Amino acid sequence: MVRLKARYNPKPTAQEKAFHLWLIESFPCACGCGQASTLVHHVLASHPAKRWRRDHAMVVPLHWTCHNALHAKGSETGKFAGMADKAAQFRQMGIEEGKL
Ligand SMILES: [Zn+2]
Ligand SMILES: [Zn+2]
């Protein structure tokens with residue numbers, strides 16, 4: 001049996017939900033397509049700032065069509081490369097803005 005990293009707090013807290021809405025309202029799709037973002041994606045790649053496999057503070061805003069494309073692809077490559085670094089930057093901005 002494969003032991004996955006703990007999923008700590010599968011549901012986002014109220015503060016994390018507010019952070020997600022702030023990202024969606026404030027930033028366009030992180031893939032660079034120019035569309036408005038409609039949801040947040042929990043980054044798949046590991047990153048030093050990522051605490052859990054599904055960390056609600058390590059997300060990027062995306063348009064839903066780009067999000068579907070990313071998950072169909074199954075990896076953060078191509079135009080989705082660097083998503084973990086972007087998520088870390090969004091997390092830092094969230095901390096500086098008092099959202100996290
Ligand atoms: Zn996009
Ligand atoms: Zn996703």
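Predicted model: local features only at pLDDT ≥ 70, side-chain atom pairs only at ≥ 80, totals over all residues.
Helix 1, which spans residues 14-26, has 13 residues and reaches 18 Å from its first C-alpha to its last, close to the 18 Å expected at 1.5 Å a residue. Within helix 1, the residues Phe 19, His 20 and Leu 23 are buried. They cover an arc of only 100° around the axis, which puts them on the same side of helix 1. An α-helix has 3.6 residues a turn, so residues three or four places apart point the same way. On the other side of helix 1, Ala 14 and Glu 25 are exposed. The cover over the buried residues of helix 1 includes strand 1 (39-42), strand 2 (59-62) and helix 3 (83-96).

With 14 residues, helix 3 reaches 20 Å from its first C-alpha to its last, close to the 20 Å expected at 1.5 Å a residue. Its buried residues are Met 83, Lys 86, Ala 87, Phe 90, Arg 91 and Gly 94. Seen down the axis of helix 3, these buried residues fall within an arc of 145°, so they line one face of the helix. The face turned away from that buried side carries the exposed residues Gln 92, Ile 95 and Glu 96, while helix 1 and strand 2 are among what covers the buried residues of helix 3. Just after helix 3, Gly 98 takes a positive phi of about 75°.

The largest nonpolar core has 18 residues, and those with the most contacts inside it are Val 59, Val 60 and Ala 87. The elements that give two or more residues to this core are helix 1, strand 2, helix 2 and helix 3. Leaving aside residues up to four places away in sequence, Val 60 touches Ala 30, Val 40, His 41, Val 43, Met 83, Lys 86, Ala 87 and Phe 90.

Lys 79 sits in the loop between helix 2 (64-73) and helix 3, and Lys 79 is partly exposed because 16 other C-beta atoms lie within 10 Å. Not counting residues up to four places away in sequence, Lys 79 touches Cys 31 and Gly 32; the C-alpha atoms of Lys 79 and Cys 33, which are 46 residues apart along the chain, are separated by 9.1 Å. Thr 13, in the segment before helix 1, is exposed, with 12 other C-beta atoms within 10 Å. Thr 13 and Arg 91 are 78 residues apart in sequence and 15 Å apart in space, C-alpha to C-alpha.

Conventions:
Residues numbered from 1 in each chain as written. Chains lettered and ligands numbered in written order. Helix = DSSP H or I, 4+ residues; strand = E, 2+ residues; numbered from the N terminus. Expected span 1.5 Å × (residues − 1). Buried ≥ 20, exposed ≤ 12 C-beta atoms within 10 Å, placed from the backbone. Arc of directions from axis to C-beta. Contact = placed C-beta atoms within 7 Å. Core = buried A, V, L, I, M, F, W, Y, C linked by C-beta atoms within 7 Å.
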